[in-house]
Amino acid sequence: MAGVFEVEVDGVEHDHGLEHHDQPNQFDISKLSPEEKWRVEHARMHAKHKGHEAMHAEMVLILIVTLVVAQLVLVQWKQRHPKSYNLVTLFQMWVVPLYFTTKLHWWRFLTTWFIFSVITAYISYRATRKPLACTTPRLVYKWFLLLYKISYATGIVGYSVVMFTLFGINLIFRIKPEDAMDFGVSLLFYGLYYGVLGRDFAEMCADFMASTVGYYSASGMPTKHLSDNICAVCGQPILVDVSEEGIIENTYRLSCNHVFHEFCIRGWCIVGKKQMCPYCKEKVDLKRMFSNPWERPHVMYGQLLDWLRYLVAWQPVIIGFVQGINYVLGLE
């Protein structure tokens, strides 16, 4: 059914170069192009909010105050009760994007979210079993390290596509700017979202597995003695000497002289965000550990994901709270 709207801003008729119908200030909006529809809606919005400057200033003030108060509350919550904060944040990270993507019918994201949830649920189930199977720690680290690398690569590709589109390189391949930008932003979203979510699940599994193995506890006191040929992360024997080159993986010695499988300690430090020795809790020197300059950006990428966690998990909740305040006060 065709819709006919009258658009008038500041007493001036806006027809956007369209022919008039029987009534001078009306036209059929169903026959407009998407760009013209956007221009009409933009004009209607300005006409609707004309003269509401004081109300808008009050809404901006409410937004700023709420953001500051929410940030203070979240910081205090994280410092005083980190366990509950991390659990609630993880739940928010998992559910909030699901709500919006379901509402927008983003079926590709829902498919990847379902696959991720099924595999991660199985991995988390394996990590929380007692007694812990000998192969479980390596399985957990392999999955989350793979997810970490995929999300990192996806985010880099998405960011590159966005930058290439801004510089017009997409025109060389005869790709429309809007299509290239949508593709780049989508890849960037996938990479950042699953990178953040994967790191949180990895930290939870790393804590539980380490305490189950028995070499690490919340108090920092190891619950049993660590032999020289046992890895404190996975509890498996170390078969390759530190000075030898392994066929599958190498052996690494931390600054505290405790020895681990290189794959295990890399997963412990990067994927699980643990910046300490799993046995004695001494701080790990990541610069010494990552001599290859190409591996150092992964640590920076992990810090970026920590910052984005606030935007993904808590920003929508804060904005929704602000909208609730505006609704109660009758602001629009």
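User: What makes the largest nonpolar core a core, and which residues touch the most other members?

Analyst: A nonpolar core is a set of buried Ala, Val, Leu, Ile, Met, Phe, Trp, Tyr and Cys residues joined through side-chain atoms within 4.5 Å. The largest one here has 47 residues, and Phe-144, Leu-254 and Phe-260 touch the most other members. Of the elements, α6 gives the most, with ten residues. Helices here are DSSP runs of H or I with at least four residues, strands are E runs of at least two, and both are numbered from the N terminus.

Analyst: Some ground rules: this is a predicted model, where local features need pLDDT of at least 70 and side-chain atom pairs count only at pLDDT 80 or more, while totals for chains, interfaces and linings use all residues. Residues are numbered from 1 along each chain as its sequence is written, and side-chain values use heavy atoms, with hydrogens and water left out.

User: Why is Thr-66 called buried?

Analyst: Buried means under 20% relative accessible area, exposed over 50%, and partly exposed in between (1.4 Å probe, protein chains only). Thr-66 has 11%, so it's buried. This residue sits in helix α2. Leaving aside neighbours within four places in sequence, Thr-66 is in contact (heavy atoms within 4.5 Å) with Ile-318, Phe-321, Val-322 and Ile-325.

User: What makes Trp-77 and Trp-314 an edge-to-face pair?

Analyst: Rings of Phe, Tyr and Trp (its six-membered ring) pair if their centres lie within 6.5 Å; planes under 30 degrees apart count as stacked, over 60 as edge-to-face and the rest as tilted. These two have centres 5.8 Å apart and planes at 65 degrees, so edge-to-face it is. Trp-77 is in helix α2 and Trp-314 in the loop between α9 and α10, so the pair ties together parts 237 residues apart in sequence.

User: How do you know whether each of Trp-77 and Trp-314 is buried or partly exposed?

Analyst: Trp-77 comes in at 24% relative accessible area, so it's partly exposed. Trp-314 is at 9%, so that one counts as buried.

User: And why are Tyr-190 and Tyr-194 called stacked?

Analyst: Their ring centres are 6.3 Å apart and the planes are at 15 degrees, so the pair is stacked. Both are in helix α6, four residues apart, about one helical turn. Tyr-190 and Tyr-194 also belong to one aromatic cluster, whose members include Trp-106, Phe-109 and Phe-201.
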